[in-house]
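Here is a short briefing for a first look at this structure. Please keep the sequence and the model in view while reading.

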Amino acid sequence: MNTALQEIFDSVWRAMEHAVRDRHDAFHTAMIGTVSAERGPQMRAVTMRQAVRDQRNLCFHTDARAPKVAELQADARIVWLFYDATRKLQIRANGVAVLHVGDELARERWQAAALISRRAYLAPLPPSEVVADAHPNLPANLLHRVPTAEESAAGFDNFCVVVCHLREIEWLFLQSTGHQRARFTWQDEAWQGSWLAP
């Protein structure tokens, strides 16, 4: 990879790693795309929980009962979309997802999760289930407070860590003097970079 492409590639990973730590960073919340056999392409926002360059991984957490989990079980392909309007920067990342429910990695991430975050996994109904009226889908006794560690324990059964192994990253920098675009593809056990027409 030439020097300019390498610098861009390095900056992409630095940006994603920083976004994991900074909840105010535009890349902290990303869009992910999956494929539903019944409904076609599906998009939703997720919070990026980890970016590990040497493993080519991006990670988010979700409810194991959510439709996106079933979609990824049927078709593990996934795409991430990041956009920062201030930096005029878009990053797309494609890969395959591996789901972790009830295993060592899930337990490790669960132990590190804040109690307020664990509360979401105590939802009595699976995400996307049709309900008669608007409802927060939380136990009534936890609507206005954070659960204790003991109370949150039951949510672990619904906790899923989605680890995405990246195969391709596209970088697009928007500027009035002319956009720039590059693609990085994992092949032959290394990242290969190339310029693309924007």
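This is a predicted model: local features need pLDDT of at least 70, side-chain atom pairs count only at pLDDT 80 or more; totals for chains, interfaces and linings use all residues.

Residues are numbered from 1 along each chain as its sequence is written, and side-chain values use heavy atoms, with hydrogens and water left out.

**Surface patch**

- Met43 sits in strand β2 (residues 40–47). Helices (H or I, at least four residues) and strands (E, at least two) are DSSP runs, numbered from the N terminus.
- Met31, Met43 and Leu81 make a nonpolar surface patch of about 240 Å².
- Nonpolar side chains (Val, Leu, Ile, Met, Phe, Trp, Tyr) are joined within 5 Å, and like charges within 9 Å.
- Accessible areas come from the Shrake-Rupley method with a 1.4 Å probe; for residues, only the protein chains shown count as cover.

**Nonpolar cores**

- A nonpolar core is a set of buried Ala, Val, Leu, Ile, Met, Phe, Trp, Tyr and Cys residues joined through side-chain atoms within 4.5 Å.
- The largest nonpolar core has 34 residues. Leu58, Trp80, Phe82, Ile169 and Phe184 touch the most other members.
- Elements giving two or more residues to this core include α1 (3–21), β1 (29–36) and β7 (159–173). α1 gives the most, with eight residues.
- Another core, of eight residues, lies apart from it; Cys59, Trp110, Val161 and Val163 are among them.
- Beyond its neighbours within four places in sequence, Phe82 is in contact (heavy atoms within 4.5 Å) with residues including Met16, Phe27, Met48 and Leu58.

**Helix α2**

- Lys68, Val69, Glu71 and Leu72 of α2 are buried.
- Seen down the axis of α2, its buried residues fall within an arc of 160 degrees, so they line one face of the helix. The arc is that of the directions from the helix axis to the C-beta atoms.
- The buried residues of α2 pack against β1, β2, β4, β5, β6 and β7.
- Exposed Gln73 and Ala74 are on the face turned away from the buried side of α2.

**Positive phi**

- Most residues other than glycine have a negative phi.
- Ser128 has a positive phi, near 80 degrees. Ser128 is in the loop between α4 (115–118) and α5 (149–152).
- Asp188 also has a positive phi, of about 55 degrees. Asp188 is in the loop between β8 and β9 (190–196).

Technical notes. Buried means under 20% relative accessible area, exposed over 50%, partly exposed in between (1.4 Å probe, protein chains only). Patches are made of residues with over 30% relative accessible area and no salt bridge: like charges are joined within 9 Å, nonpolar side chains (Val, Leu, Ile, Met, Phe, Trp, Tyr) within 5 Å. A salt bridge is a side-chain nitrogen of Lys or Arg within 4 Å of a carboxyl oxygen of Asp or Glu.
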